[in-house]
Amino acid sequence: MSELTKIIEGVRKFNKDVETKVSEVRADPQQSKEILEQWESIQEKVPTVTTPTGLQLPRLPLPVIDEPGAIARYLHGEGLPGQFPFLSSAYAEMYLDPLEDSIPPEEPTRLFAGLGIPEDTNERFHFLTKNQNSHRLSTAFDGPTLYGMDSDSPGVFGKIGEGGVAIDTVEDMEVLFDGFDFRELTTSTSMTINGPAPAIMAMFVAAARRRFGPDVIGQLRGTVQADILKEVQGQNEVLFPLDASLRFLLDMMEYCVENMPKWYPVSISGYHISQAGATPVQQAAYTISNGFAYAEMMRERGIDVNDFAPRFSFFFDCGLDVEFMALSRVCRKIWAIAMRDVFGANSRGQKLKLHTQTSGRSLVAAEFKNNLTRTAAEIIMAYMNATNSCHSNSADEPFTTPSEEYVKLASHGQSILLEETGLFRHMMNGMSGSPGMKAVEKSVEKAILDELEEIERLGGVLGAMEHRYQRSQIQAASYRYEKQIFSGERRIIGLNRYSEGVEKPVPELVRIPNEQKQKQVDKLKDFKKRNADKAPAALKRLAEVVHSGGNVFAELIETVEVCSLGQITDCLQEHVGKFRPMV
Amino acid sequence: MKISYIPTMKDQNTPRMPEFPVRLLTAVPLCDGHDSAVTTVNQELIRQGFEIVYMGYHRSAEDMVRSAIQEDVAALGISSYNGGHIEFFKEVIQLLEKAGRNDIGVFGGGGGTITPDDVVIMKQYGVDEVFLAGTTFESICNRLIELYGNKKVVLQGVSTDTALGQMLTAVEMKLKDRPKAGKRSKAKVIGFTGPGGAGKTTLIDEWVRGALMENPNIKIGILSHDPSSISQGGLLGDRATMIYSQHDNVFLRSMATRGKQGGLSPATEECLQWMVSDEAGFDLVLVETVGTGQEALPFTSDLIDTKVLVLHPEYGARLQLQKILMLEVADAVVVNKSDWAGATRALEEVKRQVEMRGCEEIPVFTTKASEHNDQGVVKLRNALSV
């Protein structure tokens with residue numbers, strides 16, 4: 001039995017305990033008095049803000065309740081922003097304009113970018129961050145890199161730099177982040193890489209060490225996705241058998257916990273599960289159960305929950321279905337209860353920290369400019385869920401790696417929402433707590449718990465995976481989704497509704513010229529030539545660590561100095577095997 | 001590939017599925033894991049009566065072409081999402097040409113990333129059809145029957161992948177006047193059966209991996225079965241898992257049961273005769289049944305030298321075991337997934353059952369086929385290869 005049973009029972013008990021507390025407070029005059037006083041004092045402390053039009057508003061609007069039971073239900077069941085169980089948000093302030101004399105917070109906008117060769121993506125990073133006070137770089141890799149292959153491998157030439165940046169060596173990694181200072185607190189880096197995450201992360205660390213010296217390792221801020229469970233369930237970028245993949249991942253996580261206090265070594269991702277076709281509830285249930293599975297594995301390695309739990313982060317998809325009004329809110333609550341009551345984590349470890357991306361699947365090629373509106377609706381819902389950071393998709397994504405024009409529109413969409421509109425900058429909870437949102441929360445919570453029960457019945461996350469449970473559920477949902485589009489039950493404007501039926505021109509396509517691709521191949525060949533005498537010994541040492549049970553990640557940081565990604569993948573596959581896909 | 005709806009005129013003459021299901025191979029190219037569209041289209045095609053050999057994702061052009069030839073499909077369907085499609089499809093077509101197999105069609109899809117301009121280029125170099133975003137399931141099915149419903153075979157012995165592939169098609173299609181297989185070779189023939197989920201496919205692939213490591217010149221043939229559905233379509237998905245069997249020395253044919261109960265196809269016996277003929281030249285032939293029930297006795301053929309029953313630990317309950325008929329005739333029993341809780345107990349139960357039936361000489365093995373270089377598989381292979 002995994003911990004899921006305890007978690008499901010824990011959440012149900014929490015809900016029951018809240019109601020018990022409500023009854024107690026109502027029945028006991030002393031408790032009633034105390035909670036009314038507490039409520040009054042909370043209200044008194046809320047500052048008033050003045051909007052540009054001169055309107056006075058509370059910085060934290062609170063529900064209009066004055067009955068002790070209702071107050072108890074709110075404070076214990078939902079919590080104030082930044083308080084257990086963090087239903088409304090992980091932190092107290094989120095996107096508010098800072099009060100006078102305080103430092104401007106990091107922008108939550110974090111745009112994913114990657115195209116062509118490292119030089120191209122570096123240029124895009126500078127373009128994206130030029131107006132931001134913080135530099136939040138988020139990297140997409142090309143197909144060969146995602147599969148741990150070198151740019152000079154047979155059959156991959158056409159894929160070099162398409163849909164993401166090509167990274168073969170530590171030298172590419174140096175170029176990729178050229179001009180960004182990793183020692184600064186305003187720089188953070190995110191890398192969307194999974195199957196080969198340990199090797200790519202090792203290149204990142206080694207490149208930073210080359211540029212800023214060894215002390216920089218402890219200062220590196222950011223995230224690597226590295227979520228191998230969701231890869232097996234939905235996204236399919238897996239290089240090694242699951243056991244070996246998990247071991248390499250846990251080695252990396254352990255290293256980061258010990259040496260990189262500002263790094264999030266895993267981003268537990270529902271995005272790809274959702275994009276592969278899962279319903280919102282499936283996305284939530286599979287993702288948080290994956291998170292619990294990682295927590296159990298880290299605990300089995302003897303790492304203290306308070307050392308690893310605060311280092312987990314999450315990544316959700318936000319689409320247009322009504323569940324997305326509150327999906328992440330509910331996940332935050334379930335996570336908090338589980339981490340406190342089942343894993344014994346402290347407050348930092350209870351907080352589910354969340355990156356959200358709008359749904360690529362919801363965008364369509366037909367009359368593609370409508371995608372701007374779809375994404376706009378999705379970012380509103382993402383921020384209603386108090387996401388800690390957000391990527392908004394570009395409208396041209398059904399066709400191409402985004403062009404600068406549409407990337408800018410996507411980024412500015414978020415700025416308009418957060419800076420121009422008054423929805424999020426003056427007050428917290430502007431969009432929380434409505435009867436509709438509460439109804440969605442209740443319904444979604446129940447459905448997630450039911451789904452977790454099903455996973456537990458199949459033997460927990462790994463047992464269910466062995467039965468192909470998550471994959472077949474996702475595929476069935478995807479098939480239903482397409483059927484609904486054909487039948488018209490799922491309405492898509494410009495496609496099965498209000499279509500003008502005329503061919504619309506497609507946007508400008510970003511394709512990587514063959515000369516750039518060749519340049520990448522040539523650089524790699526040069527690297528291999530220069531290191532030809534050192535690489536075999538480095539790979540031999542790596543293989544020894546694999547067999548001796550040492551920390552593979554720590555060794556990889558050295559291996560990448562002289563070996564390419566493909567050389568490392570081949571070596572590891574020779575020793576631990578290749579992943580046999582489940583379909 | 002995103003599939004979306006564009007209202008289309010109902011075809012006046014909807015093409016009909018021919019007498020034998022159209023066999024197609026579908027796959028996602030190298031460095032691409034976007035399989036949501038292809039699995040969705042697969043499901044619909046199966047419902048419409050196609051036999052789909054599905055290779056999965058991240059597959060090279062070489063693997064696709066070798067598979068298409070061995071499976072002798074009417075066409076190869078490629079779902080490409082993350083770019084490089086112009087180069088990839090071209091590579092596939094060139095490899096098919098090189099193998100003299102232009103008769104195998106190529107079609108594809110990929111959502112908005114393949115643009116109408118790209119399609120013009122792709123059709124110029126030989127792609128039959130590209131289904132763009134907006135194509136309905138119905139028009140995909142109709143177009144595929146129209147393009148590939150008239151499969152032809154040329155019979156030219158069985159000494160190459162192309163020849164053997166086509167001969168097996170002739171057997172499956174019950175072609176009149178087809179020749180009879182020649183003299184039996186020395187190929188060792190091993191049949192694997194057992195309930196669904198026991199890990200037969202992985203076990204065979206791990207066996208093949210080990211056998212190729214030990215003897216790089218060994219030639220292996222595999223007949224792998226999956227059930228046909230009521231629609232007569234079927235998903236033949238073993239290739240997706242058997243990655244080490246994608247090898248020039250390995251001939252892998254996926255077969256649908258086409259209405260026959262018990263684990264094999266009506267064509268299996270005759271296909272096997274060809275596989276073990278001198279001309280085919282295999283050293284080892286492996287036959288995998290579909291996941292079978294308790295009463296199944298699939299290996300009635302004299303051609304099978306060794307019958308292996310593969311179980312997973314959850315089949316260890318005594319009463320259940322008593323009902324498995326294969327236990328009485330198997331030459332070896334394998335308890336796979338030996339890392340599962342209950343594996344030790346399952347092994348004891350299986351041994352007891354075997355003893356109670358007076359078949360003490362039947363060896364019982366434990367394996368964890370999903371583990372690279374599993375020593376249990378090595379032992380099994382060494383014991384049964386002689």
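The model is predicted, so local features need pLDDT of at least 70 and side-chain atom pairs count only at pLDDT 80 or more, while totals for chains, interfaces and linings use all residues. Residues are numbered from 1 along each chain as its sequence is written, and chains are lettered from A, with ligands numbered from 1, in the order in which they are written.

Let's start with strand E5 (residues 187–192) of chain A; strands are DSSP E runs of at least two residues and helices are H or I runs of at least four, numbered from the N terminus. Because 5 of its 6 residues are buried, E5(A) is largely enclosed by the rest of the structure (buried means 20 or more other C-beta atoms within 10 Å of the residue's own, with C-beta atoms placed from the backbone). Strand E4 (residues 135–140) of chain A runs parallel to E5(A), joined by 6 bridges, and there Leu137(A) sits opposite Thr189(A). Thr189(A) also stands opposite Gly222(A) in E6(A), and E5(A) pairs with strand E6 (residues 222–224) of chain A in the parallel sense over 3 bridges (pairing takes at least two DSSP bridges).

Now for chain B. As for the two chains, 42 residues of chain B are in contact with 41 residues of chain A.

Definitions and conventions
Two residues are in contact if their C-beta atoms, placed from the backbone, lie within 7 Å. A residue is buried if 20 or more other C-beta atoms lie within 10 Å of its own, exposed if 12 or fewer, and partly exposed in between; C-beta atoms are placed from the backbone.
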